[in-house]
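Please read the points with the model open alongside.

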Amino acid sequence: MTADSNTINIAIQHRPNKSRVQTFCLDLNLQLPGKGITAIFGESGSGKTTLLRCLAGLEKMLGGEIHVKGLVWQSGSKIKPIHERRVGYVFQESSLFPHLSVEQNIDYGVKRSPVMLSKPNYEKIIELMGLYSLLERFPEQLSGGERQRVAIARALLIEPDILLMDEPLASLDGRRKQEIMPYLESMHEKLDVPIIYVTHSIDEVARLADHLVVLQGGTVMAEGPLGEVLANTDLPIKLGEDTGVVFEARVAERDDDWNLLRAEFLGGELWVRDGGDSLDQSIRIRVLARDVSLALSAHTDTSIINRLWGRIEKIHEDEDRAMLLVRLVVGEVRLLARVSRRSAHQLAIKIGDEVWAQIKGVAILR
Amino acid sequence: MYMVAFRNWQFIGLVLLTGLSSVRASIDADEATIAVASNFSAAAQQLAADFENKSGHKINLVFGSSGRFYAQISNGAPFDAFLSADQEKPLALVENELAIKDSLFTYARGALVLWSADSEKVNNSVDVLRSNSFNKIAIANPRLAPYGLAGNEVIERLGLSNDLSKKIVLGENIVQTYQFVATENAEIGLVAYSQVFFTGQLSAGSVWIVPEELYDPIRQDAVLLNRGQSNRAASGFLEFVKSHEGQTTIQSFGYRAGES
Amino acid sequence: MFSEGDVTAIFLTLRLATTVTLILLVLGAPLAWWLARTNSRLKGPIGALVALPLVLPPTVLGFYLLLALGPNGPIGQVTQSLGLGTLAFSYSGLVIGSVLYSLPFVVQPLQNAFEAIGDRPLEVAATLGASPIDRYFSIAVPMAKPGFFTAAVLGFAHTVGEFGVVLMIGGNIPGETRVVSVQIYDHVEALAYDEANRLALLMIVFSFLVLLSVYSLRKKSQRQILSFGS
């Protein structure tokens, strides 16, 4: 395994002691990007949390390799103790020290950090997480979302080489999730630290991730840049109604009359609802397969405003036996369309055909 | 229904029979429960066995501290007779009208020895006490135990009170005092003759038998309690203890005879 | 109201209970911590050993201590080779006996308190750069504060009320080993019931007040800790 200074390299073969399933074994070999957010996605029991714990050193492995951006955390039986790794860890549930105030909680890590944190950096993170007004309080006086923000800031402030987040939103209700999501997104934009983000929510994956690892039964089922993995119709994990693709686009034009934005991407353009994004800004767009229908010619007599011309790359069985999943190549991006078997039969589409994709709905994720 | 009734009759019959048989037994023999100071337990067991063989009565012995027995008897404990380690408590029971005055007698007199678990230490003489060549001397608490009182007298009459005051440790009773010396936490101690001599033989260590003139007699008194007034086993046992045969047994356990 | 002997015994008892409680907190906390955290096969045997004084009658424990402290006993051999002589009938011996006797009353509440903390806060502390010893002092001890409170109270109260062991290894030396419980016993045995009653009443009132104040304090601190955690 190469110790690349810009990647995170993991080789693990580990059977956890406390596993409920006796036969469970985490068995994987990964090279992850040393920046951005890598989502680890999978059902419960797939080994997501175990992977995170192994990375941090909370789970003792007899062997294996963990190299983080050129630093060796474990090589065989040579193990660097947890407290000597600079690893930020945000747990699923609130994990603030109850006997310390918010400020003391945050300073707990700062005081023990081997590097001196610059004051501007400190203030930047406190501000990023919106904690200025909370510093004097104790954990009992905070809402669930506020507690998670403190926990995230606490982990970030030790200037970790890597930030590990174990379903940080799972213990929060819908409103609190929405409250904290912008903090996570801005963290992604403004900080350099690579983040490994464990989740079983495809929405969180779509909004936050750049890179995606799909785990099942302790092994890697799919891995790669987010857009590629999501467009992979062979994905063993069935997302059902949430099946769809995500790609990056750029705001190219604002139409104030109709309150729309024209978003350009490599292969076409889409009109999307004007969410206030400024011109030239990069946005993330999600198109669900169920919102895409196919036509052999361009229909102008419909209410649908977005039509893209593409070539059929793959036709795949859907988990719903009345439906098919069709993958199109549109310029550089892939689109998924979910159509009924009968329509496919009537249109007589096959791989290689060129068709119009009519897009009913587009979501701007950020 | 009939079955149940029958069974009930059977049960009642059984109860009646058992009751009758115990009544019958009590025509022939009584049963007595006797409180005995723990220093006298070995001798008392021998006495009780001999007495049971002779008389057919049944004797239950309970061993413990005399002070505790006094408190228990004062509060209605079911004892028929009391063999105390001293004279004070049986007398107090008589004064409080809990015991029969006429039955009071001295059943044994204790003898005191200076003993060490080390077979070289005492050498059958008082020298070790005078030379002060030991770490601690254990005696029973003079306030609680007649042997302790006697031990104190010995030290006083030898004129060693000042020399030894820093070296004295107190056992709550003569049994504990013996343990202090036996475990060698105290190198020497004033213990009961009956604790270290068995049928005239010194069991271990070395000893000096303290001359009788160095302490007032350690009289152990027995008394029949109100509860045992009409219990023939209790009164019979006390008579047996007083008898020549009983006194001989007591002497064989290392005590002097009760009445001199 | 109290004789000089009684007053000496009262102060001796307070001094003994305080010393023993402090020693037990210092020694018992790491032991309880180890018992709470370890997966070692020795956990069972050591835990059982700590709990033994709960089972053994105090006079039995005292008797074996007497043997152990004696010149041929294991503790006696050590103290003699250190030039300390034997420790029976001394205040130090009494302290050793009381520490052993009250050990479970201190270790068990501490162990429960440490176990109640769970793994998570310690894992968090580790990822924030705290070494194992650092975690113990900065997280485990402060979070187990109610447990330390209970342990101190039980250890103190139990030492004040201790009798059998003291009786066995004390030797009843005024100002050195004659504590209140022994003094009361002596009064009772000597049929000095008035003196016994006065001293016993004092002991009951004192113990009641101590327990009352700490229980009401504990309720307060427990409420705090509980609401922190939720």
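1. The structure is a predicted model. For chain B, the mean pLDDT is 86, and 89% of the residues reach at least 70. Within chain B, the lowest confidence falls in helix α1 (residues 2-28), with a mean of 47. Strand β3 (residues 81-83) of chain B has the highest, at 95.

2. Where pLDDT is low, predicted coordinates should not be read in detail.

3. Make-up of chain B. Chain B contains 11 helices and 13 strands. Of its 260 residues, 47% count as buried. Among contacts in chain B with a separation of 6 or more, 79% are between residues 24 or more positions apart.

4. Make-up of chain C. What does the secondary structure of chain C consist of? Chain C has 11 helices and zero strands. The chain has 230 residues, of which 42% count as buried. Its C-alpha atoms fill a box of roughly 65 × 45 × 30 Å along the principal axes. Of the contacts in chain C between residues at least 6 apart in sequence, 72% join residues at least 24 apart.

5. Where chain B meets chain C. The interface has 17 residues of chain B in contact with 19 residues of chain C. On the chain B side, α3 (66-74), β7 (168-171) and α8 (174-182) of chain B are the elements that give two or more residues. The most comes from α3(B), which gives three residues. By type, the chain B side divides into seven nonpolar, six polar and four charged residues.

6. Helix α2 of chain C. This helix (residues 43-55) has 13 residues and spans 19 Å from its first C-alpha to its last, close to the 18 Å expected. Where is the kink in α2(C)? A kink of about 30° lies at Leu49(C), shortly before the proline Pro53(C). The number of buried residues in α2(C) is one of 13, so the helix lies largely in the open.

7. An open sheet in chain A. Five strands of chain A make up an open sheet, with antiparallel pairing and the order β2-β1-β4-β5-β6. The edges are held by β2 (26-33) and β6 (78-79) of chain A; each has a single partner strand, so one side of each is left without a neighbour in the sheet. Inside that order, strands β4 (residues 65-68) and β5 (residues 71-75) of chain A run antiparallel and are joined by four bridges. Val68(A) has Leu71(A) in β5(A) as its bridge partner.

8. A hairpin in chain A. Strand β18 (residues 323-330) of chain A is joined to β19(A) by eight bridges, and the two run antiparallel. They form a hairpin with two residues between them. In the turn, Gly331(A) has a positive phi of about 60°. Val326(A) stands opposite Ala337(A) in β19(A). Is β19(A) largely enclosed or in the open? Seven of the eight residues of β19 (residues 333-340) of chain A are buried, so this strand is largely enclosed by the rest of the structure.

Definitions and conventions
Residues numbered from 1 in each chain as written. Chains lettered and ligands numbered in written order. Predicted model: local features only at pLDDT ≥ 70, side-chain atom pairs only at ≥ 80, totals over all residues. Contact = placed C-beta atoms within 7 Å. Nonpolar A, V, L, I, M, F, W, Y, C, P; charged D, E, K, R; others polar. pLDDT = per-residue confidence, 0-100. Buried ≥ 20, exposed ≤ 12 C-beta atoms within 10 Å, placed from the backbone. Pairing = 2+ DSSP bridges. Expected span 1.5 Å × (residues − 1). Bend = angle between axes of the 7 residues up to and from the residue.
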